[in-house]
Amino acid sequence: SNAEMLVLPGGLGGVEALWADDRVSTLIQEAAGKGVWLAALCAAPILLGRWGLLDGRKATSYPTRHSQLGKAEVLPEARAVSDGKFVTGHACGSAFDFGLKLVEVLRGEEAARAVNDVIYYRR
């Protein structure tokens, strides 16, 4: 595949469904092995933590899921974190921060600023 990034949505029911599907496990692990960007928001970072992909990396997630991030360096107050080829987001309330971080890692800070200037997001 020519995928540049896989984005895993949050929401506990959806994350549980992804967790239970072996095809998702295979896809995520193969993507990580090929250096594809992996991004996860809200509860979804636990999927990356499940296979040790966040071990030794800075990460965040929904607050009640911090203990499921493996051996990540959890940044509990961060809205969006990138480390290596991984981007994690805090919660749905951080969706703009997360989305802008995705633009930044894929296309650069200038592109992220340009998007932010159009949407007028301020925190």
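Residues 24 or more positions apart make up 51% of the contacts in the protein chain that have a separation of 6 or more, where contact means heavy atoms within 4.5 Å. Keep in mind that this is a predicted model, in which local features need pLDDT of at least 70 and side-chain atom pairs count only at pLDDT 80 or more, while totals for chains, interfaces and linings use all residues. Residues are numbered from 1 along each chain as its sequence is written, and side-chain values use heavy atoms, with hydrogens and water left out.

**Overall build**

- The protein chain holds five helices and six strands; these are DSSP runs, numbered from the N terminus, with helices (H or I) of at least four residues and strands (E) of at least two.
- Starting at the N terminus, the order of elements is β-α-α-β-α-β-β-β-β-α-α.
- The radius of gyration of the protein chain is 14 Å, which agrees with the value near 14 Å for a compact globule of 123 residues. That radius is taken over C-alpha atoms, and the globule rule is 2.2 Å times the number of residues to the power 0.38.
- Along the principal axes, the C-alpha atoms fill a box of roughly 40 × 35 × 25 Å.

**Surface and charge**

- Of the 123 residues, 40% count as buried. Buried means under 20% relative accessible area, exposed means over 50%, and partly exposed is in between (1.4 Å probe, protein chains only).

**Nonpolar cores**

- In soluble globular proteins, nonpolar side chains tend to be buried together.
- The largest nonpolar core has 20 residues, and those with the most contacts inside it are Leu-8, Ile-28, Leu-38, Leu-48 and Leu-54. A nonpolar core is a set of buried Ala, Val, Leu, Ile, Met, Phe, Trp, Tyr and Cys residues joined through side-chain atoms within 4.5 Å.
- At least two residues of this core come from each of strand E1 (5–8), helix H2 (22–33), strand E2 (37–41) and helix H3 (45–50).
- A second, separate core has eight residues, including Met-5, Leu-41, Cys-42 and Phe-98.
- Beyond its neighbours within four places in sequence, Leu-54 has several contacts, among them Pro-45, Ala-59, Leu-69 and Phe-86.

**Residues to look up**

- Asp-97 sits in helix H4 (residues 95–107) and is buried, at 9% relative accessible area. Not counting residues up to four places away in sequence, Asp-97 touches Arg-79, Ala-80, Tyr-121 and Arg-123.
- Cys-42 is found in the loop between E2 and H3 and, at 8% relative accessibility, counts as buried. Although Cys-42 is not a glycine, it has a positive phi of about 70 degrees.
- Tyr-120, in the segment after H5, also has a positive phi, about 55 degrees, without being a glycine. At 64% relative accessibility, Tyr-120 counts as exposed.
- Ala-111 belongs to helix H5 (residues 109–119) and is partly exposed, with a relative accessible area of 25%.
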